Amino acid sequence: MSKFMIKPEFWDIFPEAEICIVLAKGLDNTEEGAENVLPDILELLEKSNEEAKKYLTAEVFSENKVIAVWRQAYQKFKTKKGVRCSIEALLKRIEKGTGVGHINPLVDIYNTVSLTYGLPCGGEDIDTFRGDMVLTKADGGELFLALGDEEYDNALPGEILYKDDEGAVCRCWNWRDGQRTMLTENTTRAFLIIESVDPERGEDLRKAGEMLAELTVKYLGGTCEISLMNINNRELELS
């Protein structure tokens, strides 16, 4: 039975971090299966694009609180030059006016939650995992082919990453997912993640997890289980 484990070397750097995991099973993420509900999903995504503007109140983009807290977090471990956390990437699109558009139903749902709560959200296909999923420091060299890339860009020693027995799953904590484990229309079991490094946002994290689970079941079927991970709760069975 595979597990998700958060290793001590992560907690050494981020003892106050909290991570919400939503395990979604029995999904129908196909465009055909979601045809009737896709307009509703896209409407929610559009509304979240507008709602996210409330996080952009500072004159300097990087000084907005939900961005600054992650900039500070990324200074605490080795990263590839210039990388930013996923919520900053989404909010940059909001600032530029380009917005966050449709990818596939499940990704649209977690992007909706991410924009609504100003927290990084991501997702992986559980059936692509090899062995246990681990959040830890990289040894260096873990294989990684990012979404949209044609060449491997493997992990650096000391960076925070999600990985399994085959290689990196998401580099630089929540910067970019890999092609091997990405959510597709064939995904029926998903490992969905929401992360917080701000101890004042525990309630927001809980509500975001509930929203993610509720929307996933409502529009894509199946079941969802919510688990809140912290320094005292570091392991979760995946199957």
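**Helix H2**

I began with helix H2, residues 38–51: its 14 residues reach 20 Å from first C-alpha to last, close to the 20 Å expected at 1.5 Å a residue. That expected span is 1.5 Å times one less than the number of residues. Helices here are DSSP runs (H or I, at least four residues), numbered from the N terminus.

A note on the source: this is a predicted model, where local features need pLDDT of at least 70 and side-chain atom pairs count only at pLDDT 80 or more, while totals for chains, interfaces and linings use all residues. Residues are numbered from 1 along each chain as its sequence is written, and side-chain values use heavy atoms, with hydrogens and water left out.

Next I looked up which residues of H2 are buried, and found Leu-38, Ile-41, Leu-45, Ser-48 and Asn-49. Buried means under 20% relative accessible area, exposed over 50%, and partly exposed in between (1.4 Å probe, protein chains only). Seen down the axis, the buried residues of H2 fall within an arc of 105°, so they line one face of the helix; the arc is taken from the directions from the helix axis to the C-beta atoms. Glu-46 and Lys-47 are exposed on the face turned away from that buried side. I also saw that the buried residues of H2 pack against H4, helix H5 (105–117) and helix H6 (202–220), with contact meaning heavy atoms within 4.5 Å.

**Cores**

I then turned to the nonpolar cores, sets of buried Ala, Val, Leu, Ile, Met, Phe, Trp, Tyr and Cys residues joined through side-chain atoms within 4.5 Å. The largest has 46 residues, and Tyr-162 and Trp-173 are among those that touch the most other members. H3 gives this core its largest share, 6 residues. A second, separate core of 27 residues includes Leu-38 and Tyr-117.

**Thr-79**

I found Thr-79 in the loop between helix H3 (65–74) and helix H4 (86–96), partly exposed at 22% relative accessibility. Leaving aside neighbours within four places in sequence, Thr-79 is in contact with Tyr-74, Leu-156 and Cys-172.

**Cysteines**

How many disulfides does a search of the whole structure find? I got 0, counting pairs of cysteine sulfur atoms within 2.5 Å. The sulfur of Cys-20 is too far for a bond, because the closest cysteine sulfur, in Cys-121, is 8.7 Å away. For Cys-172 the closest is in Cys-170, at 8.6 Å, again too far for a bond. Cys-172 is buried, at 0% relative accessible area.

Technical notes. Helices (H or I, at least four residues) and strands (E, at least two) are DSSP runs, numbered from the N terminus.
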